Amino acid sequence: MAYLHEKIETMPREELKKLQSERLVAQVKRCYERVECFRNRMNELGLTPDDIHGIQDISKLPFSYKNDLRDYYPYGLFAEPMENVVRVHASSGTTGKRIVVGYTENDLQMWSECMARMLTAIGVGKDDIAQVSFGYGLFTGGFGAHGGAEMVGATVIPMSSGNTALQIQTMIDFGATVLFCTPSYAMYLAEEVERLGVKDQLKLRVGVFGAEPWSEDLRQEIAEGLGLKAYDIYGLSEVLGPGVSCECEYQAGMHVWEDNFIVEIIDPDTGEVLPEGSTGELVFTSLTKEAFPVIRYRTRDICSLITEPCKCGRTHVRMRKPTGRSDDMLIIRGVNVFPSQIEEVLLNIKGDDITPNYQIVVDRVNNTDTFDVNVEMSEAFFTDDVKSIKKLENTIVEKLRSTLGISPKVHLVNPKSIVRSEGKAKRVIDNRKGKI
Amino acid sequence: MLIRQLSMFIENKEGRLSAALKVLADNNINISALSLADSDEYGVLRLIVDDADKAKQALSDSGITVATNNVIAIVMDDQPGGALAALQLLSQNGISVEYMYACIAKVTGKAIMVVRADDCQKADKILGDGGYDTVDPGEFYRI
């Protein structure tokens with residue numbers, strides 16, 4: 001067994017819980033003093049930090065939500081002055097407004113360490129050449145993988161996403177042994193490698209894939225197509241980024257690094273903490289994060305935990321792959337998309353050319369997400385002109401692209417043609433179930 | 001004379017074209033001329049029928065997106081160069097054709113071209129002055 005920090009990774013659970021308790025008490029106190037939103041919620045419940053003595057009291061604490069990040073945009077939830085914040089990342093929020101998260105120097109160190117624990121577990125180290133094909137930028141994927149790979153001493157190729165031909169050429173020329181990207185992009189790369197007939201020129205042996213849902217079948221296909229062992233990783237920028245939980249060498253669920261995070265499974269409707277082994281909504285508390293800590297953050301991911309000891313010797317709890325969402329957020333090609341964002345764009349299209357009725361159709365074809373938006377044209381819009389239809393479609397595509405960060409295909413359809421049930425249109429048709 | 005044409009927005013889905021034509025058949029409306037412009041995802045079906053108002057109402061009631069507009073139906077000689085001569089006359093007078101399609105004429109030796117021009121009124125006058133017959137609506141609908 002290879003560990004980055006054996007003492008922490010294999011810490012007996014009683015000790016680990018004690019550590020969590022100490023850190024929770026300190027984090028609650030710190031947030032209460034520094035974060036207005038949290039203090040107000042505590043006050044509303046008649047709580048002070050003195051009421052929290054350890055993890056046994058966690059269910060008393062108020063939840064936090066993605067909307068909080070919008071309401072306190074951009075820095076209102078930070079618990080450190082900006083002089084101590086060395087990095088921000090951002091992702092899309094529920095209404096098109098981005099959400100912003102921040103990191104201190106220590107936070108970046110902790111993040112890299114979370115990634116590095118995984119990489120050490122799966123045998124990635126200084127002899128490896130790691131191609132990071134997650135996007136670099138506001139998205140946490142690229143920089144998160146980068147920090148971990150550097151920490152274990154691998155040679156990092158900061159490739160970022162896109163330009164598939166160059167990706168493959170780089171893997172070959174630079175002798176990449178490790179690949180980081182989204183699973184759907186890995187599959188696309190595998191197909192291109194097959195088409196080009198260059199599989200025997202690849203030196204890849206390990207792939208770390210995440211940021212979107214994927215199946216065991218897809219894992220097999222990627223593994224065969226690229227000639228590597230494919231590992232799963234989970235994270236979200238509100239909690240950290242990739243590395244909140246990671247598979248170990250046994251690939252039997254993703255270890256949540258419990259010295260840094262408390263994970264709970266709750267009933268998404270009642271907020272009750274569910275018994276061990278139940279399926280419910282994942283909730284995270286960040287114990288060591290400084291710049292942007294979260295207390296009981298509702299991820300909306302539906303999931304269950306595995307509490308039995310793992311063969312790898314790590315004592316940290318494992319989570320299964322999330323099976324769905326408790327809200328209407330869609331993950332399309334790794335990008336978070338809320339139907340409300342699309343609605344807002346359509347309502348802001350000037351004139352009476354379209355109605356606010358739309359339908360989102362998501363599917364997976366050849367392991368890549370397809371994303372279509374049907375929009376009803378108004379009765380008055382259609383005259384006799386084919387060109388104006390195309391022009392309006394292009395306008396809508398461009399506006400959606402700039403809001404969402406990915407391009408849908410837009411189809412204008414007949415007025416009143418989008419099926420309504422009980423007076424309400426069905427907004428989202430996700431045909432990917434069973435294909436991912 | 002200008003003729004009223006129906007234009008329908010037809011999504012590229014199975015049965016949409018038949019559905020539109022069925023509405024016309026069920027309402028006993030006869031089609032005199034027809035053209036279908038297509039793109040990847042939808043088509044525009046253009047028709048000249050014997051009762052445009054009744055057709056528009058029936059189509060609209062069936063949830064089909066329909067608009068009406070004016071076109072010209074030029075009677076031309078059914079021989080090589082017949083269409084060219086008529087079009088040259090329009091272009092020499094600065095008229096652009098947006099689209100056109102042919103239909104059958106019942107008069108031997110003649111052909112009919114349905115033309116949508118950027119300025120249909122002016123085109124109609126130019127053609128008249130140039131010695132072309134344009135089909136009178138009443139007459140056309142009986143074709």
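Modeller: This is a predicted model. In chain A, buried residues make up 45% of the 436 residues. Chain A contains eleven helices and 22 strands. Its radius of gyration is 23 Å, close to the 22 Å that the globule rule gives for 436 residues, so chain A is as compact as a globular protein of that length. The C-alpha trace of chain A spans about 75 × 65 × 40 Å along its principal axes. Of the contacts in chain A between residues at least 6 apart in sequence, 67% join residues at least 24 apart.

Now to the part you asked about. Chain A is divided into domain 1, residues 71-327, and domain 2, residues 335-430. The C-alpha centres of domain 1 and domain 2 of chain A lie 31 Å apart. Nine residues from domain 1 of chain A and eleven residues from domain 2 of chain A take part in the contact. On the domain 1 side, β1 (87-92) and α8 (183-196) of chain A each supply at least two residues. The most comes from α8(A), with three residues. By type, the residues on this side of domain 1 of chain A are three nonpolar, six polar and no charged.

Chain A also touches chain B. That contact takes twelve residues from chain A and 13 residues from chain B. On the chain A side, the elements that give two or more residues are α11 (386-404) and β19 (409-413). The residues of chain A on this side divide into five nonpolar, four polar and three charged.

Technical notes: Residues are numbered from 1 along each chain as its sequence is written. Chains are lettered from A and ligands numbered from 1 in the order in which they are written. This is a predicted model: local features need pLDDT of at least 70, side-chain atom pairs count only at pLDDT 80 or more; totals for chains, interfaces and linings use all residues. Domain bounds come from an automatic or database domain assignment. Two residues are in contact if their C-beta atoms, placed from the backbone, lie within 7 Å. Helices (H or I, at least four residues) and strands (E, at least two) are DSSP runs, numbered from the N terminus. Ala, Val, Leu, Ile, Met, Phe, Trp, Tyr, Cys and Pro count as nonpolar, Asp, Glu, Lys and Arg as charged, and the others, Gly among them, as polar. The radius of gyration is taken over C-alpha atoms; the globule rule is 2.2 Å times the number of residues to the power 0.38. A residue is buried if 20 or more other C-beta atoms lie within 10 Å of its own, exposed if 12 or fewer, and partly exposed in between; C-beta atoms are placed from the backbone.
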